[in-house]
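Trainee: Could you take me closely through one part of this model, the metal site and its surroundings?

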Amino acid sequence: MTTITIELANGKVSPNGSRINLTKGQTFVLDITSDRDDQVHVHGFDKAIGVKAGQHLTVEMTADRTGRYEVESHHPELLIAVLQIR
Ligand SMILES: [Cu+2]
């Protein structure tokens with residue numbers, strides 16, 4: 001299983017726009033920590049994950065479609081990663 005470790009800290013995001021290659025049908029986990037109230041939005045999946053300051057959470061998802069999907073934060077709006085699903 002692929003784990004994508006996401007850190008929202010000091011007004012920045014990590015990773016910072018990296019491409020993540022996934023295979024259609026596989027599961028993957030977003031492992032998120034944040035020092036601010038924010039959202040992690042997985043475009044194309046209509047998935048907006050609310051995170052609170054100081055929170056650590058993991059969200060399992062299935063790459064059930066092919067394409068290129070941006071993962072971004074909303075406060076501020078920053079590109080975290082691009083899921084490339086084949
Ligand atoms: Cu968004």
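Mentor: The four donor atoms around the copper ion subtend angles of 81 to 168 degrees, so the arrangement is square planar (four donors with opposite ones over 155 degrees apart and all others between 65 and 115). This is a predicted model, in which local features need pLDDT of at least 70 and side-chain atom pairs count only at pLDDT 80 or more, while totals for chains, interfaces and linings use all residues. Residues are numbered from 1 along each chain as its sequence is written, and side-chain values use heavy atoms, with hydrogens and water left out.

The donors from the protein are His-41 through ND1, His-43 through NE2, Glu-72 through OE and His-74 through NE2, at 2.0 to 2.6 Å from the copper ion; donors are N, O and S atoms within 2.8 Å of the metal (3.2 Å for Na, K and Ca), and because water is not among the atoms, sites may look incomplete. Along the chain their spacing reads H-x1-H-x28-E-x1-H. Distant parts of the chain are linked here, since His-43 belongs to the loop between β5 (38-42) and β6 (47-51) and Glu-72, 29 residues apart from it, to strand β8 (residues 67-74), strands being DSSP runs of E of at least two residues, numbered from the N terminus. His-43 is partly exposed, with a relative accessible area of 26%, whereas Glu-72, at 10%, counts as buried (buried is under 20%, exposed over 50%, partly exposed in between, with a 1.4 Å probe and protein chains only).

The loop between β5 and β6 also holds Phe-45, which pairs with Tyr-69 in strand β8, so parts 24 residues apart in sequence are tied together. Both Phe-45 and Tyr-69 are buried.

Definitions and conventions: Tetrahedral: all angles 85-135°; square planar, octahedral: opposite > 155°, others 65-115°. Helix = DSSP H or I, 4+ residues; strand = E, 2+ residues; numbered from the N terminus.
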